[in-house]
Amino acid sequence: LQALAKYEMVLTGGPVNVAVLASFNEQEHTFSINEDNKLLLQRTELTSFPTTVTADVAGEGCALVQAVLRYNIPAEAPSTAFTLRTTTETAPDDECKTKKIKVCASYTLPDLKSNMAVIEVNLISGYIPSKDDLKQVVGYGTGLIKRYEVDGRKVTFYIDEFSPKELCVAFRATREVDVEDAKPGTVRVYDYYDPEQFVSESYTFPPNDEC
């Protein structure tokens with residue numbers, strides 16, 4: 001710590017008078033940093049990519065030169081292999097804290113049977129799933145729902161296969177913590193071996209006063 005303190009004193013003890021010449025795309029831009037503007041952010045924008053940026057620095061004092069690249073990744077396009085339908089309702093209880101979510105999905109491609117697939121439910125912040133309901137989902141019906149996992153607010157069901165006949169899972173979720181302006185939850189159904197084959201949607205719960 002003592003060495004760092006001495007290093008800072010050396011860097012910041014003297015006056016600042018620095019010129020930075022940035023060159024890119026056959027253009028140049030000069031940044032002048034001095035005692036009057038050393039706390040102000042200065043920047044310029046690059047006009048085309050890809051490009052090479054060089055910075056020539058002269059003068060005395062300490063200045064930070066930084067290049068920032070921002071880009072957008074296109075949203076994934078959903079597949080037509082699955083259909084997805086999500087419904088929610090309030091489950092009656094004494095404190096109006098319980099909701100029920102039902103997720104139904106089917107397979108639409110001509111081969112009529114999917115690979116192993118996954119239903120992934122991201123619960124709304126503040127809610128936790130009913131473990132008893134999840135156990136019943138796995139133990140009920142055709143045996144196509146092999147198992148479930150809970151990781152924080154994410155509930156994952158592993159499905160042996162989907163067919164054109166809709167398969168549904170339903171469970172209750174209880175509000176454990178009040179969260180203001182909570183974002184909607186999301187549901188995603190995808191092929192376990194080919195996750196690019198997916199469909200997803202968001203959902204909300206009914207207002208808490210609907211009991």
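Here's a quick briefing on the domains, cores and aromatic contacts of this chain. It's a predicted model, so local features need pLDDT of at least 70, side-chain atom pairs count only at pLDDT 80 or more, and totals for chains, interfaces and linings use all residues. Residues are numbered from 1 along each chain as its sequence is written, and side-chain values use heavy atoms, with hydrogens and water left out.

**Domains**
- The chain splits into domain 1 (1-60) and domain 2 (82-203), with bounds from an automatic or database domain assignment.
- Their centres, taken over C-alpha atoms, sit 52 Å apart.

**Nonpolar cores**
- A core here is a set of buried (under 20% relative accessible area, 1.4 Å probe, protein chains only) Ala, Val, Leu, Ile, Met, Phe, Trp, Tyr and Cys residues joined through side-chain atoms within 4.5 Å.
- The largest core has 29 residues, and Ile 119, Val 121, Phe 157 and Phe 162 touch the most other members.
- A second, separate core of 7 residues includes Val 16, Val 20, Phe 31 and Ile 33.
- Beyond its neighbours within four places in sequence, Val 121 is in contact (heavy atoms within 4.5 Å) with residues including Ile 101, Val 103, Phe 171 and Tyr 203.

**Rings and charges**
- There are 7 aromatic pairs in the structure, counting Phe, Tyr and Trp (six-membered ring) with centres within 6.5 Å; planes under 30 degrees apart are stacked, over 60 edge-to-face, the rest tilted.
- Tyr 192 and Tyr 193 pair edge-to-face, at 5.1 Å centre to centre and 85° between the planes.
- Ring pairs also tie Phe 82, Tyr 107 and Phe 162 into a cluster.
- Arg 147 lies over the face of Tyr 158, 4.0 Å from the ring centre; the cut-offs are NZ of Lys or CZ of Arg within 6 Å of the centre and within 35 degrees of the ring normal.

Definitions and conventions: Buried means under 20% relative accessible area, exposed over 50%, partly exposed in between (1.4 Å probe, protein chains only).
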